[in-house]
Amino acid sequence: MIYRVEGIVIRSTDYGEGNKIVTLLTDSAGKVGIMARGAKKVRSRHTSLVQPFTYGEFVYFRNAGLGQLNAGEIMESNHRLREDIELSAYAAYAAELCDRAFQDEEAGAYLFHQLKACYDALREGKDAAIVIHLFEMKILEAAGYAPQLETCVGCGSDQGPYRLSPQSGGILCRRCISRDPAAMLLEEGTYKLLRLFSAIDLRRLGSIQVRPNTRQQLKTALRSLMDTHLDLRLKTRGFLDQLDRFSAPAAQAAERRRQHKESEPDQAIPDEKEVQDGE
Ligand SMILES: [Zn+2]
């Protein structure tokens, strides 16, 4: 059977003499593996089509197992996401999330549109870490693990303060906190953003300003939610963390200057550990 789909290349591996096997996340056929014969060869018309992160139209033949690429057309090469080291780390992480968190048939059109919007946002220079956190929330939702963030998971109370309990699947009020002693204390601003991430589609993300403290808390919260429910052990996460460590000191120094300005001149400036903990 011949398929004609819109897809994004989320994995591309060499196979045999000059061939590539690519995994596509598609708008209408879920996640699908196709063989691109000769695509590794310099003069192949398919060489650029099968590069990671490429968005295009793909025509392939498939009965069972791997499809065979017949033709295709690039709609957005996303070459910036391959050339910029930081963007490529984020793009690879998003691709691996889609690849690992879902079986072939589980991946639907919604996920395709979220990944496409994620790459558009990265390419357009939106705040990469925030774009990725929003994408992580969409992955949690698509996998059926959207956290309950409006009312207490234990008793339904809408009276804060709350703590976030990934294990319980949402927030716990003061009375219910004994259910999970490891629940996280987060700033109100972090809850607001988590709720916003739950509510909006990635295609609707505008510009967003997030303080370093809140940024750190978002990262901790989403990572804990993902590790608790999905446990994917992603290869791309280590590199992303290295980049983060590289850029974190500058962000933390800016946060200390900001806090110093707002506080009494003789008050101690919190050290890095405390800033990271969100105190
Ligand atoms: Zn409660």
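User: At about what angle does helix α2 (residues 85-101) run to β1?

Analyst: This is a predicted model, where local features need pLDDT of at least 70, side-chain atom pairs count only at pLDDT 80 or more, and totals for chains, interfaces and linings use all residues. Residues are numbered from 1 along each chain as its sequence is written. Helices (H or I, at least four residues) and strands (E, at least two) are DSSP runs numbered from the N terminus; axes are lines fitted to C-alpha atoms, for helices over the stretch in contact (C-beta atoms, placed from the backbone, within 7 Å), with angles from 0 to 180 degrees between N-to-C directions. Helix α2 lies across β1 and β2 (19-26), and its angle to β1 is about 105°.

User: Which strands does helix α3 lie across?

Analyst: Helix α3 covers residues 109-123 and runs at about 105° to β2. The strands that α3 lies across are β1, β2 and β4.

User: In what order do the strands of the closed barrel run?

Analyst: Strands pair if DSSP finds at least two bridges between them. The barrel has five strands with mixed pairing, and the twist averages 50° from one strand to the next. Their order is β1-β2-β3-β5-β4.

User: Which residue in β5 is the bridge partner of Y60?

Analyst: Strands β1 (residues 2-15) and β4 (residues 55-61) pair in the antiparallel sense, and there Y3 has Y60 as its bridge partner in β4. Seven bridges also join β4 to β5, again antiparallel. In β5, the partner of Y60 is L69.

User: In which sense do β3 and β5 pair, parallel or antiparallel?

Analyst: I34 has G67 in β5 as its bridge partner. Two bridges link β3 (residues 31-36) and β5 (residues 67-76), and the sense is parallel.

Technical notes:
Two residues are in contact if their C-beta atoms, placed from the backbone, lie within 7 Å.
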